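Please take a moment to look over the sequence and the 3D structure before reading on.

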Amino acid sequence: MPPETFAAYALASGLDVVALKNVFRCSYSAVAIRLGEVMDRHPLLAVLYERKEQGDPSCWSSPTKLADLRVTVMKRTADMGPHRSRLLNGWRGGIPRKAKSLSAGSLAEQAARSGGPEYAESDGIAVVATPVLWKGRLAKVIVVAVPWEHRRMLEAQLGRLSCRIAKSSSGPVPGLAAG
């Protein structure tokens with residue numbers, strides 16, 4: 001993923017980790033890490049929550065619970081300060097930390113519960129959270145945040161995703177267990 005090429009695609013995609021994964025044919029974690037490395041002139045935060053259990057989702061021992069999803073990648077550029085936003089870390093506040101589970105009240109939790117992408121602006125930031133479903137099971141949630149004044153960086157992604165403005169979740173997701 002050459003830096004100049006990656007940066008051009010990242011900006012054109014609206015910092016869309018899923019789209020970049022497909023373009024560069026690499027893992028979600030590689031893309032999230034590369035965003036933090038290459039986009040150092042743009043303030044952003046990329047977080048990847050993943051279920052530890054690997055392999056075919058149809059063989060997973062149980063449906064995904066929110067507590068099964070843990071931060072595996074958290075990349076932040078230097079200009080993206082540590083925002084204390086509920087959108088990022090729910091009722092805990094602060095920013096997500098490696099190995100921590102999805103926080104109640106966060107936008108990532110709302111995306112996991114709704115089964116679709118969610119977008120919200122609050123506390124001086126704009127955030128998009130996108131769940132990744134494999135064979136009907138929730139496997140990952142990707143969060144990208146930018147300062148509110150840079151929210152246009154997300155427009156290309158938002159235009160493709162038809163995100164909901166974060167409100168209440170619309171019911172259970174197939175493959176997501178309660179609790």
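This is a predicted model: local features need pLDDT of at least 70, side-chain atom pairs count only at pLDDT 80 or more; totals for chains, interfaces and linings use all residues.

Residues are numbered from 1 along each chain as its sequence is written, and side-chain values use heavy atoms, with hydrogens and water left out.

Leu154 lies in the loop between β5 (137-147) and α6 (155-161), where helices (H or I, at least four residues) and strands (E, at least two) are DSSP runs numbered from the N terminus. Leu154 counts as buried because its relative accessibility is 0%; buried means under 20% relative accessible area, exposed over 50%, and partly exposed in between, with a 1.4 Å probe and protein chains only. Leaving aside residues up to four places away in sequence, Leu154 touches Gly14, Leu15, Tyr119, Ala126, Val128, Val144 and Val146, a contact being heavy atoms within 4.5 Å. The C-alpha atoms of Leu154 and Val144, which are 10 residues apart along the chain, are separated by 8.6 Å.

Asp16 sits in the loop between α1 (3-13) and α2 (17-24). Asp16 has a relative accessible area of 5% and is therefore buried, and, with residues up to four places away in sequence not counted, Asp16 touches Gln157 and Arg160.

Lys52, by contrast, is exposed because its relative accessible area is 73%, and Lys52 is found in the loop between β1 (45-51) and β2 (69-76).
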